[in-house]
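Here's a quick tour of the model you have open. Keep the viewer handy and follow along topic by topic.

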Amino acid sequence: MPTVTSTAPANLATLVPITNTLSATFSEAMAPATITAATFGLKNGVIPVPGVVSYVGVTATFTPAVGLAPGTLYTATITTGATDPAGVALAANYVWTFTTGSAPDTTPPTVSSTVPSTGA
């Protein structure tokens, strides 16, 4: 029976970059057609986050269509619709949460004073 062996970000992670992608690694190869946006999703509360799901090897990746909100708790879920090639599903939905960090500082620095002062 397939299981999720690891996720990135990890369950309960904090200060996750708002530009982050998510990934889940399975214990065995999965049927690629069952690893989709319908079976691997992300929510901000009850609001689904749009994104693209890809699958390579034993790892599924969710790439959000937009940057994540800073300082926000997100819930990721892989449902029992994800199966291995023999049609064996995960035993239960796999759910994990993480919290994003603050927005990056994009304000350019300024010069507040000089020594010697201007015009000296």
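Two strands pair if DSSP finds at least two bridges between them, and the strands themselves are DSSP runs (E, at least two residues), numbered from the N terminus. With that in hand, this model has an open sheet of 5 strands in the order 2-9-8-4-5, with mixed pairing. Bear in mind that this is a predicted model, where local features need pLDDT of at least 70, side-chain atom pairs count only at pLDDT 80 or more, and totals for chains, interfaces and linings use all residues. Residues are numbered from 1 along each chain as its sequence is written, and side-chain values use heavy atoms, with hydrogens and water left out.

**The sheet and the hairpin**

- Strands of a sheet pair through backbone hydrogen bonds, either parallel or antiparallel.
- Strand 4 (residues 40–44) and strand 8 (residues 73–78) go the antiparallel way, over 4 bridges; Gly41 sits opposite Thr77 of strand 8.
- Strand 6 (residues 51–56) and strand 7 (residues 59–64) also run antiparallel, joined by 6 bridges, and Val52 has Thr63 in strand 7 as its bridge partner.
- Strand 6 and strand 7 make a hairpin with 2 residues between them, and Gly57 in that turn has a positive phi of about 65°.

- Pro9 is in the loop between strand 1 (4–8) and strand 2.
- Leu12 lies in the loop between strand 1 and strand 2, and its phi is near 70°, a positive value in a residue other than glycine.
- Is Leu12 buried or exposed? Leu12 is exposed, with a relative accessible area of 63% (buried means under 20%, exposed over 50%, partly exposed in between, using a 1.4 Å probe and protein chains only).
- Leu15 is another non-glycine residue with positive phi, near 60°. Leu15 lies in strand 2 and is exposed, at 69% relative accessible area.

**Thr72 and its surroundings**

- Thr72 lies in the loop between strand 7 and strand 8, and counts as buried at 13% relative accessibility.
- Which backbone oxygen does the side chain of Thr72 reach at 3.4 Å? That is the oxygen of Ala69. The backbone oxygen of Pro70 is 3.0 Å from a polar atom of the Thr72 side chain.
- Both are polar contacts by this rule: a pair of N or O atoms within 3.5 Å where, within protein, one must be able to donate a hydrogen and the other to accept it, and residues adjacent in sequence count only if both atoms are side-chain atoms.
- Leaving out residues up to four places away in sequence, Thr72 touches Asn44, Phe98, Thr99 and Thr100 (contact means heavy atoms within 4.5 Å).

**The nonpolar core**

- In soluble globular proteins, nonpolar side chains tend to be buried together.
- Here, the largest nonpolar core has 24 residues, and those with the most contacts inside it are Phe26, Leu42, Ile78 and Phe98. Such a core is a set of buried Ala, Val, Leu, Ile, Met, Phe, Trp, Tyr and Cys residues joined through side-chain atoms within 4.5 Å.
- Strands that each supply at least two residues of this core include strand 3 (22–26), strand 8 and strand 9 (94–100).
- Not counting residues up to four places away in sequence, Phe26 touches a set of residues that includes Val4, Ile35, Tyr55, Ile78 and Leu90.

**Aromatic rings**

- Rings of Phe, Tyr and Trp (its six-membered ring) pair if their centres lie within 6.5 Å; planes under 30 degrees apart count as stacked, over 60 as edge-to-face and the rest as tilted. By this rule the count is 5 aromatic pairs.
- One of them is Phe40 with Trp96, tilted, at 6.0 Å centre to centre and 45° between the planes. This pair links distant parts of the chain, with Phe40 in strand 4 and Trp96 in strand 9, 56 residues apart.
- Phe40 is buried at 1% relative accessible area, and Trp96 is buried at 0%.
- Tyr94 and Trp96 have ring centres 5.7 Å apart and planes at 55°, so that pair is tilted. Tyr94 is partly exposed, at 28%.
- Phe40, Phe62, Tyr94 and Trp96 form one aromatic cluster.
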